[in-house]
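Student: I would like to learn how to read helix packing, sheet order and chain symmetry from a model. Could we take one feature at a time?

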Protein chains: 2
Amino acid sequence: VTVQELDTPAVLVDLDALDRNIDRMARYCRERGLQLRPHTKTHKNAGIAQQQIDAGACGITVAKTGEAEVMAAAGIGDIMIAYPIATPSKAERVAELARSCRIRVSLDSEAAAECLSIAASKAGTEIGVLVEIDVGFGRCGVASPGESLALARRIRALQGLRFDGLMFYPGQIRKPSNEQTPMIEEVNRLLRSHYQVFADAGIGISTVSGGSTPTAFRSHEFEGVTEIRPGMYAFLDRNMLSIGVGEPADCAVSVLVTVVSNAVSGRAMVDGGSKTFSSDSALAPLTGFGSVLEAPEAELMGFSEEHGHLDVSGCARSPQVGERLRIIPNHVCATMNLHDRVWGHRGGVVERELTVDARGKLR
Amino acid sequence: VTVQELDTPAVLVDLDALDRNIDRMARYCRERGLQLRPHTKTHKNAGIAQQQIDAGACGITVAKTGEAEVMAAAGIGDIMIAYPIATPSKAERVAELARSCRIRVSLDSEAAAECLSIAASKAGTEIGVLVEIDVGFGRCGVASPGESLALARRIRALQGLRFDGLMFYPGQIRKPSNEQTPMIEEVNRLLRSHYQVFADAGIGISTVSGGSTPTAFRSHEFEGVTEIRPGMYAFLDRNMLSIGVGEPADCAVSVLVTVVSNAVSGRAMVDGGSKTFSSDSALAPLTGFGSVLEAPEAELMGFSEEHGHLDVSGCARSPQVGERLRIIPNHVCATMNLHDRVWGHRGGVVERELTVDARGKLR
């Protein structure tokens with residue numbers, strides 16, 4: 001079966017590009033002495049997670065407890081939940097997982113630590129905890145080295161928890177690599193002050209977990225970082241290409257769609273909309289919702305739920321009803337999450353179906 | 001079980017509000033002599049579809065063939081696919097469905113009509129076809145009465161197809177009801193010219209299918225309309241409330257979330273992000289991504305995939321980690337589509353789980 005025989009819309013995964021992306025990141029981490037713990041939110045597929053481990057990753061990262069359960073059931077034995085666990089029922093499930101897996105959780109509050117400690121104590125298991133620090137993204141993370149130390153001390157005092165170190169997410173650094181230097185220096189100033197405070201208190205930090213796809217290949221410049229958690233690097237997408245993370249040929253995912261209408265002048269409608277791609281926007285200054293490989297002049301200007309609205313007024317030839325196009329989505333993680341299965345191909349020949357195993361595991 | 005005992009994030013459906021919304025629209029259509037064919041894209045649940053039919057709807061509307069299959073398997077016998085079928089494999093599935101269901105499809109091209117005709121001829125079934133006309137939304141639909149007539153003639157000549165009339169979607173009318181008059185008049189001018197051209201040609205139009213939730217209660221003012229296809233009216237959402245479609249108490253859906261972090265000053269993070277709510281934006285001039293029922297001053301300023309970013313700097317009291325909040329989503333259809341199951345409750349007591357049966361049926 002070739003991809004042109006698939007009904008649409010269909011998410012296509014170029015397995016050759018995926019293999020190259022996985023190998024490139026594994027090699028970089030090996031050469032720099034960094035542990036690689038890929039975030040599986042991007043693909044949510046246990047087989048790709050295992051491929052990443054086989055290539056050298058020390059384990060995986062997930063956001064939700066339900067994702068950890070899916071990956072553990074598939075045989076993955078080292079999982080970091082990079083998300084504060086703040087409900088008792090999730091804490092109980094995490095404590096259960098710790099019976100058979102090495103489990104770590106990041107958090108930034110005593111309330112979350114206490115919630116986890118109660119469950120681990122009851123289950124008689126131990127959960128590794130990383131204190132999340134805010135390095136400028138302004139999402140989660142304690143604000144100062146002093147607060148970080150206080151939380152670490154509290155974690156060390158709580159039954160069932162093991163303080164493993166620090167975690168951060170430099171989500172604000174979404175620039176081309178050559179423009180990242182001042183932002184990395186700012187993160188390093190904050191990291192150094194943390195290390196100093198912990199050293200003064202005599203508390204060891206075994207892990208410093210950082211990284212993201214935009215900063216991944218500069219991770220060795222983040223002082224003291226021992227592991228990184230990039231996710232999108234496996235697939236890449238329109239937003240990542242726009243900031244220079246890889247070349248177009250490195251982008252492993254496209255969405256195959258069919259033109260279903262071109263009755264409105266200057267427009268062509270394709271059979272994928274926000275329920276196929278997600279409504280995730282483009283990183284400024286980019287606009288629009290995707291890049292059409294077969295018609296780069298066509299602008300994907302908007303979505304209805306099941307229609308992609310192409311402005312084809314700039315095209316030499318208007319796409320015809322029934323014609324197939326491949327579109328690179330703005331944000332591949334959001335796109336993958338809308339599909340139950342996607343198709344892995346090499347050079348257009350379908351090799352295997354990939355199930356999005358952890359799709360919808362929101363709890 | 002009360003909703004406060006559910007783990008989060010969890011979509012809550014207020015069944016009392018749902019019942020009222022379904023009854024109100026059914027009553028309006030009965031009083032005005034309009035057929036009601038609710039679009040099930042909003043809830044994607046076969047039980048709610050059946051409830052709409054039991055209340056008086058003549059059948060249902062879907063966008064995708066896979067949605068039609070799910071609803072037909074659940075026993076729904078009259079389905080309109082308000083979407084051009086433009087791939088042979090979908091046409092074959094539609095032709096199969098026509099063995100056991102009354103099936104109609106809307107389209108705007110000869111290519112789509114021919115694709116459907118080939119499949120219906122092969123299966124020996126008959127498919128009803130409505131010609132979609134563009135009344136100003138600029139998505140699908142032929143542009144002029146002349147083109148509409150030409151396509152209707154082609155449909156009448158094709159084996160396996162039955163020309164049933166005209167279909168339109170007034171998606172551009174997203175204003176409060178009292179501001180819709182000039183736009184409705186413009187649609188009526190176009191509808192009248194279609195009726196004239198078809199009458200002159202001696203071709204009968206048995207169905208004129210229109211309607212949307214924002215225009216639903218003015219559907220009797222659209223000349224010649226025989227049926228309407230509103231979807232969101234069953235649930236409503238933040239965008240619909242913002243243009244005055246119903247009162248806050250009519251909004252049947254909220255998303256229960258838990259605060260997982262408030263470490264960053266002026267912020268609180270909740271455990272639902274774009275993978276729980278969708279990234280669908282607010283209708284201007286509204287901004288933000290949802291309304292927090294328990295803290296109206298909190299602004300849901302953005303999403304990560306699994307984090308909702310609340311700006312709580314305007315709140316008298318910062319929400320604490322572990323605290324639960326209910327949030328009205330911008331666009332309920334996109335939110336529902338991200339969940340496998342949701343919880344129906346009355347007054348906060350969970351009555352039943354509702355499966356999102358047609359979720360992910362993109363083909």
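**Helix packing, sheet and symmetry**

Tutor: Helix α6 (residues 145-157) of chain A packs against helix α7 (residues 181-201) of chain A at about 45 degrees, the axes being 9 Å apart. That makes α6(A) oblique to α7(A). This is a predicted model, where local features need pLDDT of at least 70, side-chain atom pairs count only at pLDDT 80 or more, and totals for chains, interfaces and linings use all residues. Residues are numbered from 1 along each chain as its sequence is written, chains are lettered from A and ligands numbered from 1 in the order in which they are written, and side-chain values use heavy atoms, with hydrogens and water left out.

Student: How are helices, axes and angle classes defined?

Tutor: Helices (H or I, at least four residues) and strands (E, at least two) are DSSP runs, numbered from the N terminus. Axes are lines fitted to C-alpha atoms, for helices over the stretch in contact, and angles run from 0 to 180 degrees between N-to-C directions. Angles under 35 degrees are roughly parallel, over 145 roughly antiparallel, 65 to 115 roughly perpendicular, and the rest oblique.

Student: Which residues of α6(A) and α7(A) meet?

Tutor: Contact means heavy atoms within 4.5 Å. From α6(A) come A:P145, A:S148, A:L149, A:A152 and A:R153; from α7(A), A:S193, A:H194, A:V197, A:F198 and A:A201.

Student: At what angle do α3 and α4 of chain B cross?

Tutor: Helix α3 (residues 65-73) of chain B and helix α4 (residues 88-97) of chain B cross at roughly 25 degrees, and their axes come within 10 Å. The two are therefore roughly parallel to each other. On the α3(B) side the contact includes B:T65 and B:E69, and on the α4(B) side B:K90 and B:R93.

Student: In what order do the strands of the sheet run?

Tutor: Strands of a sheet pair through backbone hydrogen bonds, either parallel or antiparallel. Here two strands pair if DSSP finds at least two bridges between them. In chain A, eight strands form an open sheet, β2-β9-β8-β7-β6-β5-β4-β3, with parallel pairing. Its edge strands, β2 (35-36) and β3 (60-62) of chain A, each pair on one side only. Strand β6 (residues 127-132) of chain A pairs with strand β7 (residues 161-167) of chain A over six bridges. A:L161 in β7(A) is the bridge partner of A:I127.

Student: What rotation superposes chain A on chain B?

Tutor: Copies are superposed by least squares on the C-alpha atoms of residues with pLDDT of at least 70 in both. A rotation of 180 degrees, with 0.0 Å of shift along its axis, does this with RMSD 0.0 Å. That is the relation of a two-fold axis. In chain A, the C-alpha nearest the axis belongs to A:S279, 2.6 Å from it.
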